[in-house]
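Here is a short report on two parts of one protein model. Look at the structure first, then read on.

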Amino acid sequence: VGAGITGLATAVALIQREKIAAERICILEKSQVLQPIGATLGLFPNGLTALQSISEGVAQRVVDLGIPYVGVQQRNLMGDVVMEKNLTMMAGANNTHVLAWYLLQEALVEALPSESANNKRVLNLGTCLESFVEHKNDGIITVTARQFELQNATGGDTFWTATCKILIGADGIHSRVRELLFPSPSSRSIYTYHKRFMYRAILREDEFDSSIILPPHGYTVSFRCGTPGKVFAFRQNAKVIYSFT
């Protein structure tokens, strides 16, 4: 359950590494479309090695798309560099790559077969876990899924059931699997608001105004604003893609 990095990487590993047939794997993702988001992902050598063990093809795709991480700069509001640190001399940093989070998600999706041998979709978008029941006598789990009505459709949501031996919850902080496993309110996550916000965005290089000075290749550049606690940062996290925080 969940088509983030964890859910997709698990499915790819089961198919490519463990040689489990694709028709035995089903991913439920409540989002109807996987969209680019502004998060940046850093892969150190150990992370890249782990990704290679899952899929050599995905790991190579990350290297091809990603940017080697060089260092960080801090500038004042006039654009002057007030601090710079080159990280390539740190242990392991010379093989560290950064890339947009969604590009790794796309690479993992591309590594999945679109359909299994019996014409069932491996990745089911617009579908969430409604409930599940574990049968104690044989350990089989019956899953009920809800497929959301597509925009402008009139048929309403569709419910369907399937059985499995293993149900993996990889659906993030608002996990439906965890909610069903631990229905007591006291066992759910408690959130504390720290009165801080973070905004993220993704832009391609050809979308920039010509007056914007782009960060050096492989660097994260941050600007300290006049108000304490406010920072603006941007970095290149793919060949022609930049993220803003």
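Angles under 35 degrees count as roughly parallel, over 145 as roughly antiparallel, 65 to 115 as roughly perpendicular, and the rest as oblique. The model here is predicted. The axes of α2 and α3 cross at roughly 140°. The two helices are therefore oblique to each other. Their axes come within 5 Å.

Which residues meet? From α2 come Leu48, Leu51, Gln52 and Ile54. From α3 come Glu56, Val58, Ala59, Val62 and Val63. By class, this contact has seven nonpolar residues, one polar and one charged.

Helix α3 covers residues 56–65. Which of its residues are buried? They are Val58, Ala59, Val62 and Leu65. Seen down the axis of α3, these buried residues fall within an arc of 135°, so they line one face of the helix. On the other side, Glu56 and Gly57 are exposed.

The buried residues of α3 pack against helices α2 (45–54) and α4 (101–111). They also pack against strands β2 (40–43), β3 (67–68) and β6 (97–100).

## A buried asparagine

Now move along the chain to Asn237. Where does Asn237 sit? Its place is in the loop between β13 (231–236) and β14 (241–244). Is Asn237 buried or exposed? Its relative accessibility is 0%, so Asn237 counts as buried.

The side chain of Asn237 makes a polar contact with the side chain of Ser243, at 3.2 Å. Leaving out residues up to four places away in sequence, Asn237 touches several others, among them Thr40, Ile67, Val98, Leu99 and Ala100. Tyr242 is also one of the residues touched by Asn237.

Conventions. Residues numbered from 1 in each chain as written. Predicted model: local features only at pLDDT ≥ 70, side-chain atom pairs only at ≥ 80, totals over all residues. Heavy atoms only, no water. Helix = DSSP H or I, 4+ residues; strand = E, 2+ residues; numbered from the N terminus. Buried < 20%, exposed > 50% of the residue type's maximum accessible area, 1.4 Å probe, protein only. Polar contact = N/O pair within 3.5 Å; in protein donor to acceptor, adjacent residues only side chain to side chain. Contact = heavy atoms within 4.5 Å. Arc of directions from axis to C-beta. Axes fitted to C-alpha atoms, helices over the stretch in contact; angles between N-to-C directions. Nonpolar A, V, L, I, M, F, W, Y, C, P; charged D, E, K, R; others polar.
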